[in-house]
Amino acid sequence: SPLSRALETATYIANAKNMPIRTDERLVEIDFGVFEGQDRACPEYQNSKREYFKKYSLGESFLQLTGRICCCLDMLKKEYPDKKVLLVAHGGICRIIHNLFCDMENEEFVTYAFPNCGLEKFEF
(Lines give C-alpha, C1' and ligand atoms only; values in the text may rest on other atoms or scores of the structure.)
Protein backbone atom coordinates (compact mmCIF):
# COMPACT_ATOMS: atom_id res chain seq x y z
CA SER A 1 0.00 0.00 0.00
CA PRO A 2 1.22 3.51 -0.69
CA LEU A 3 -0.21 4.76 2.63
CA SER A 4 2.45 5.98 5.04
CA ARG A 5 2.49 3.26 7.73
CA ALA A 6 2.50 0.42 5.21
CA LEU A 7 5.08 2.14 3.02
CA GLU A 8 7.31 2.79 6.04
CA THR A 9 7.11 -0.89 7.03
CA ALA A 10 7.76 -2.02 3.44
CA THR A 11 10.75 0.33 3.19
CA TYR A 12 12.25 -1.08 6.37
CA ILE A 13 11.85 -4.67 5.11
CA ALA A 14 13.10 -3.83 1.61
CA ASN A 15 16.21 -2.12 2.95
CA ALA A 16 16.96 -5.02 5.29
CA LYS A 17 16.49 -7.62 2.54
CA ASN A 18 17.76 -5.56 -0.42
CA MET A 19 14.43 -5.93 -2.22
CA PRO A 20 12.59 -3.52 -4.54
CA ILE A 21 9.37 -1.82 -3.46
CA ARG A 22 6.34 -1.39 -5.65
CA THR A 23 3.23 0.39 -4.42
CA ASP A 24 -0.27 -0.32 -5.65
CA GLU A 25 -3.34 1.83 -4.96
CA ARG A 26 -5.51 -1.31 -4.91
CA LEU A 27 -3.93 -2.21 -1.56
CA VAL A 28 -5.12 0.98 0.15
CA GLU A 29 -7.40 0.23 3.11
CA ILE A 30 -11.16 0.06 2.57
CA ASP A 31 -12.84 3.46 2.47
CA PHE A 32 -14.87 3.45 5.70
CA GLY A 33 -16.77 6.58 4.59
CA VAL A 34 -18.58 8.17 7.54
CA PHE A 35 -16.78 5.80 9.92
CA GLU A 36 -13.30 6.97 8.85
CA GLY A 37 -11.39 7.88 12.03
CA GLN A 38 -14.27 6.79 14.28
CA ASP A 39 -14.27 4.26 17.13
CA ARG A 40 -14.63 0.82 15.52
CA ALA A 41 -16.45 -0.44 18.64
CA CYS A 42 -19.52 1.75 18.00
CA PRO A 43 -22.67 -0.29 17.27
CA GLU A 44 -23.40 1.57 14.03
CA TYR A 45 -20.02 0.59 12.61
CA GLN A 46 -20.31 -3.01 13.83
CA ASN A 47 -23.73 -3.32 12.15
CA SER A 48 -22.49 -1.76 8.90
CA LYS A 49 -19.49 -4.09 8.92
CA ARG A 50 -21.86 -7.06 8.58
CA GLU A 51 -23.41 -5.70 5.36
CA TYR A 52 -20.73 -6.96 2.97
CA PHE A 53 -22.39 -5.82 -0.25
CA LYS A 54 -23.55 -2.42 0.99
CA LYS A 55 -21.17 0.52 0.81
CA TYR A 56 -20.29 2.33 3.99
CA SER A 57 -22.06 5.68 3.69
CA LEU A 58 -19.69 7.85 1.59
CA GLY A 59 -17.28 4.88 1.38
CA GLU A 60 -17.04 1.48 -0.30
CA SER A 61 -18.25 -2.06 0.37
CA PHE A 62 -16.29 -5.20 1.12
CA LEU A 63 -17.47 -6.46 -2.27
CA GLN A 64 -15.82 -3.47 -3.99
CA LEU A 65 -12.69 -3.99 -1.89
CA THR A 66 -12.58 -7.67 -2.88
CA GLY A 67 -12.78 -6.70 -6.55
CA ARG A 68 -9.72 -4.48 -6.38
CA ILE A 69 -7.75 -6.99 -4.31
CA CYS A 70 -8.54 -9.85 -6.71
CA CYS A 71 -7.39 -7.71 -9.65
CA CYS A 72 -4.15 -6.97 -7.81
CA LEU A 73 -3.55 -10.64 -6.92
CA ASP A 74 -4.27 -11.72 -10.50
CA MET A 75 -1.73 -9.18 -11.78
CA LEU A 76 0.89 -10.35 -9.28
CA LYS A 77 0.34 -13.98 -10.25
CA LYS A 78 0.91 -13.11 -13.93
CA GLU A 79 3.90 -10.81 -13.39
CA TYR A 80 5.67 -12.97 -10.79
CA PRO A 81 4.64 -16.56 -11.59
CA ASP A 82 7.61 -18.22 -9.90
CA LYS A 83 8.45 -15.61 -7.28
CA LYS A 84 7.49 -14.93 -3.70
CA VAL A 85 5.77 -11.59 -3.18
CA LEU A 86 5.38 -9.82 0.14
CA LEU A 87 2.33 -7.59 0.49
CA VAL A 88 2.40 -4.88 3.13
CA ALA A 89 -1.14 -3.66 3.58
CA HIS A 90 -3.93 -2.96 6.07
CA GLY A 91 -6.40 -4.89 8.22
CA GLY A 92 -9.31 -4.86 5.77
CA ILE A 93 -7.03 -5.98 2.94
CA CYS A 94 -5.66 -8.79 5.12
CA ARG A 95 -9.22 -9.83 6.07
CA ILE A 96 -10.20 -10.17 2.41
CA ILE A 97 -7.03 -12.04 1.40
CA HIS A 98 -7.34 -14.39 4.38
CA ASN A 99 -10.95 -15.09 3.42
CA LEU A 100 -10.03 -15.74 -0.22
CA PHE A 101 -7.64 -18.48 0.86
CA CYS A 102 -9.33 -19.78 4.04
CA ASP A 103 -13.07 -19.41 3.31
CA MET A 104 -14.17 -17.92 6.63
CA GLU A 105 -17.68 -18.07 8.06
CA ASN A 106 -19.53 -14.73 8.28
CA GLU A 107 -18.91 -14.11 11.99
CA GLU A 108 -15.26 -15.14 11.64
CA PHE A 109 -14.91 -12.64 8.79
CA VAL A 110 -16.43 -9.83 10.85
CA THR A 111 -14.23 -10.50 13.89
CA TYR A 112 -11.00 -11.35 12.06
CA ALA A 113 -8.16 -9.06 13.10
CA PHE A 114 -4.72 -9.37 11.54
CA PRO A 115 -1.99 -8.19 13.94
CA ASN A 116 0.23 -5.24 13.02
CA CYS A 117 3.38 -6.55 11.32
CA GLY A 118 1.88 -10.05 11.29
CA LEU A 119 2.81 -12.53 8.57
CA GLU A 120 0.71 -15.06 6.72
CA LYS A 121 1.79 -17.24 3.84
CA PHE A 122 -0.51 -18.23 0.98
CA GLU A 123 0.18 -20.09 -2.24
CA PHE A 124 -1.82 -19.93 -5.44
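## Questions and answers

User: How exposed is Glu 51, as a relative accessible area?

Analyst: The model is a predicted one, and what follows is computed from it. A residue counts as partly exposed when its relative accessible area falls between the 20% limit for buried and the 50% limit for exposed. Glu 51 is therefore placed in the partly exposed class, as its relative accessible area is 37%.

User: Which residue does Lys 54 meet in a salt bridge?

Analyst: Side chains of opposite charge can pair when their charged atoms come close. Lys 54 is exposed, with a relative accessible area of 55%. Its side chain takes part in a salt bridge with an N to O distance of 3.7 Å, and the partner is Glu 51.

User: How many salt bridges does the structure hold?

Analyst: The pair of Lys 54 and Glu 51 is one of them, and the side chains of Lys 121 and Glu 123 make another, at 4.0 Å from N to O. Both Lys 121 and Glu 123 are exposed. Over the whole structure, the number of salt bridges is six.

User: What is the N to O distance in the salt bridge between Arg 68 and Glu 60?

Analyst: Arg 68 is buried, with a relative accessible area of 17%, and Glu 60 is buried as well, at 13%. Both values fall in the buried class because that class covers anything under 20%. The side chains of Arg 68 and Glu 60 meet with an N to O distance of 2.5 Å.

User: Are the planes of Phe 35 and Tyr 45 stacked or edge-to-face?

Analyst: The structure holds 10 aromatic pairs. In the pair of Phe 35 and Tyr 45, the ring centres are 5.6 Å apart and the planes stand at 70°. Planes over 60 degrees apart count as edge-to-face, so the pair of Phe 35 and Tyr 45, at 70°, is edge-to-face.

User: How many residues apart in sequence are the parts that Phe 35 and Tyr 45 tie together?

Analyst: Both Phe 35 and Tyr 45 are buried. Phe 35 lies in the loop between H1 and H2, while Tyr 45 belongs to helix H2, so the pair ties together parts whose separation in sequence, in residues, is 10.

User: What is the angle between the planes of Tyr 45 and Tyr 56?

Analyst: Tyr 45 lies in helix H2 and Tyr 56 in the loop between H2 and helix H3 (62–79), so this pair ties together parts that are 11 residues apart in sequence. Tyr 45 is buried, and Tyr 56 is buried too. The pair is stacked, with 5.9 Å from centre to centre and an angle between the planes of 10°.

User: Which residue has its charged end over the ring of Tyr 45?

Analyst: Tyr 45 belongs to one aromatic cluster that also includes Phe 32, Tyr 52 and Phe 109. Over the ring of Tyr 45, at 5.2 Å from its centre, sits the charged end of Arg 40.

User: What is the relative accessible area of Leu 58?

Analyst: Leu 58 is found in the loop between H2 and H3, where it has a positive phi of about 70° although it is not a glycine. Leu 58 is classed as exposed because the limit for that class is over 50%, and its relative accessible area is 74%.

User: What is phi of Asp 103 near?

Analyst: Asp 103 has its place in the loop between helix H4 (91–102) and helix H5 (106–111). Asp 103 is exposed, with a relative accessible area of 64%. It is a residue other than glycine with a positive phi, near 50°.

User: Which residues make the nonpolar surface patch of about 300 Å²?

Analyst: One member lies in the loop between helix H1 (4–17) and helix H2 (43–49), namely Met 19. Met 19 is partly exposed, with a relative accessible area of 37%, and residues in such patches need over 30%. The residues that make the patch are Met 19, Leu 86 and Leu 119.

User: In which helix is confidence highest?

Analyst: The protein averages a pLDDT of 95, and 100% of the residues score at least 70. Confidence is lowest in H2, at a mean of 92, whereas the highest mean, 97, belongs to H3.

Technical notes: Residues are numbered from 1 along each chain as its sequence is written. This is a predicted model: local features need pLDDT of at least 70, side-chain atom pairs count only at pLDDT 80 or more; totals for chains, interfaces and linings use all residues. Side-chain values use heavy atoms; hydrogens and water are left out. Patches are made of residues with over 30% relative accessible area and no salt bridge: like charges are joined within 9 Å, nonpolar side chains (Val, Leu, Ile, Met, Phe, Trp, Tyr) within 5 Å. Accessible areas come from the Shrake-Rupley method with a 1.4 Å probe; for residues, only the protein chains shown count as cover. Helices (H or I, at least four residues) and strands (E, at least two) are DSSP runs, numbered from the N terminus. Buried means under 20% relative accessible area, exposed over 50%, partly exposed in between (1.4 Å probe, protein chains only). Rings of Phe, Tyr and Trp (its six-membered ring) pair if their centres lie within 6.5 Å; planes under 30 degrees apart count as stacked, over 60 as edge-to-face and the rest as tilted. A charge sits over a ring if NZ of Lys or CZ of Arg is within 6 Å of the ring centre and within 35 degrees of the ring normal. pLDDT is the predictor's confidence in each residue, from 0 to 100.
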